[in-house]
Amino acid sequence: MGSLSNKRVLLGVTGGIAAYKSAELIRCLQGDGAEVRVAMTPAATEFITPLTLQALSGNPVSLELLDTAAEAAMGHIELARWADLILIAPASADFIARLCHGEGSDLLSTVCLASHGIIAVAPAMNMHMWGNPATQKNLRQLRSQGLPVFGPAVGYQACGDVGEGRMEDPAALATMAGNLFTSGLLKGKKVVITAGPTREALDPVRYISNHSSGKMGYALASAAMEAGASTVLISGPVQLSPPERIKTIAVESAAQMLEAALHEVEGADIFIAAAAVADYRPASVAEQKIKKNDDDMHIQLVKNPDIVATVAGLAKHPLTVGFAAETENLEHYATQKLRKKNLDLIIANDVSDTSIGFNSDDNRVLLVQPGANKALPIMNKNTLAHKLIEHIAALLKTAH
Ligand code: C5P
């Protein structure tokens with residue numbers, strides 16, 4: 001059911017004989033609705049000319065990292081931001097190795113490093129290079145990072161060998177690229193998402209809060225919108241810009257977040273609580289700035305309402321999804337929370353590993369639900385958001 005309508009695809013062409021198929025691949029991607037730009041490694045230009053790919057894509061081909069004119073037109077960071085998908089096709093063994101090591105030695109590898117979107121690779125190489133343990137190890141690493149790997153196909157190779165290593169056909173690659181997006185999966189559905197921290201005021205200038213960046217909730221809102229849902233994002237104070245095409249309601253305190261959530265869940269099909277809501281708030285908010293007089297000071301805190309549990313407790317409640325950040329006994333605590341809050345799904349992550357979670361771009365989660373739990377590999381929050389929306393859409397289907 002994949003479609004690339006409204007999708008921006010950066011086709012990364014690396015040095016291999018299959019580069020001649022990139023011309024047709026551009027046509028197939030465009031045929032499925034994508035806007036296509038092309039970036040080539042220096043080696044790729046030995047196999048097919050940039051002029052051919054420029055004429056077909058209708059856009060200038062990006063070639064050099066240190067080219068001032070090209071950087072002024074669309075720099076590598078801008079290009080990385082522009083692309084919903086970077087499709088490396090053909091992906092040579094050398095490029096795959098460089099991708100694994102996070103190298104930024106040319107324009108294309110640098111764009112991949114800077115990308116927050118999906119990066120997919122379509123390997124193409126001689127069957128012995130493909131079978132080499134080093135190549136296979138690199139592929140395993142990319143897969144474990146959540147990068148989709150398309151193919152390779154088996155068949156006749158340019159070097160005369162017959163075996164695994166041919167690039168997948170362009171039409172098949174375009175279909176696989178389209179399948180990465182969840183377009184239409186939540187068409188006609190309403191999704192409400194909370195994100196970011198809450199701020200609990202002590203006086204007119206001070207508050208209690210936490211370090212939540214809001215990235216996961218914002219990524220989920222974008223993925224829900226891309227899946228066709230009418231999406232409402234209720235956000236605590238974050239450094240992120242409100243996403244396009246999403247109704248965003250800015251709130252500060254847990255009480256405001258609850259009020260907005262209860263208003264918005266009416267008629268909603270899915271409620272996702274990604275916010276890091278402050279568990280307690282000051283019992284009273286001083287009208288004037290609190291003066292420092294004594295050596296110590298006591299603040300009385302009272303419990304905040306549990307937003308996700310309140311929504312899940314409504315007589316007519318949407319499919320309700322919560323998060324659980326734990327430092328130990330992840331599965332056990334998350335399962336307890338699932339039951340206590342009466343949720344349909346908990347997305348649990350271990351925050352004792354500081355390389356993932358709260359403020360990071362990556363996350364590794366365990367899906368805890370009645371029945372079988374499911375562990376997902378570490379991946380960036382945007383890729384994860386798409387996977388989670390797919391999973392939640394499937395849950396919604398079985399719930400009805
Ligand atoms: O109980 P705990 O805070 O660990 O639960 C986390 C989940 O509950 C998250 O989904 C969070 O958004 C939600 N939550 C809430 N309201 C609260 C506290 C947590 O919606 N007051």
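A salt bridge here is a side-chain nitrogen of Lys or Arg within 4 Å of a carboxyl oxygen of Asp or Glu. With that in hand, let's walk through this predicted model, where a search of the whole structure turns up eight salt bridges.

Start at helix α5, which spans residues 93–100. Arg98 pairs with Asp94 there, their closest N and O atoms lying 3.1 Å apart. The two are four residues apart in the helix, so about one helical turn separates them. Arg98 is buried at 13% relative accessible area, while Asp94 is partly exposed at 47%.

Another pair, Arg199 and Glu252, has its closest N and O atoms 3.9 Å apart. Arg199 sits in the loop between β7 and β8, and Glu252 in the loop between β11 and α11, so this bridge ties together parts 53 residues apart in sequence.

Now turn to the ligand. Among the residues around it are Asp306 and Lys341, and these two also form a salt bridge, with the closest N and O atoms 2.6 Å apart. Because Asp306 is in the loop between β14 and α12 and Lys341 in the loop between α13 and β16, the pair links parts 35 residues apart in sequence. A polar side-chain atom of Lys341 also lies 2.9 Å from a ligand oxygen. Taken alone, the ligand exposes 450 Å², of which the protein buries 84%.

Met297, in the loop between β13 and β14, counts as exposed because its relative accessibility is 54%.

Key. Residues numbered from 1 in each chain as written. Predicted model: local features only at pLDDT ≥ 70, side-chain atom pairs only at ≥ 80, totals over all residues. Heavy atoms only, no water. Buried < 20%, exposed > 50% of the residue type's maximum accessible area, 1.4 Å probe, protein only. Near = heavy atom within 4 Å. Polar contact = N/O pair within 3.5 Å; in protein donor to acceptor, adjacent residues only side chain to side chain. Areas by Shrake-Rupley, 256 points an atom, 1.4 Å probe, with all protein chains shown as cover.
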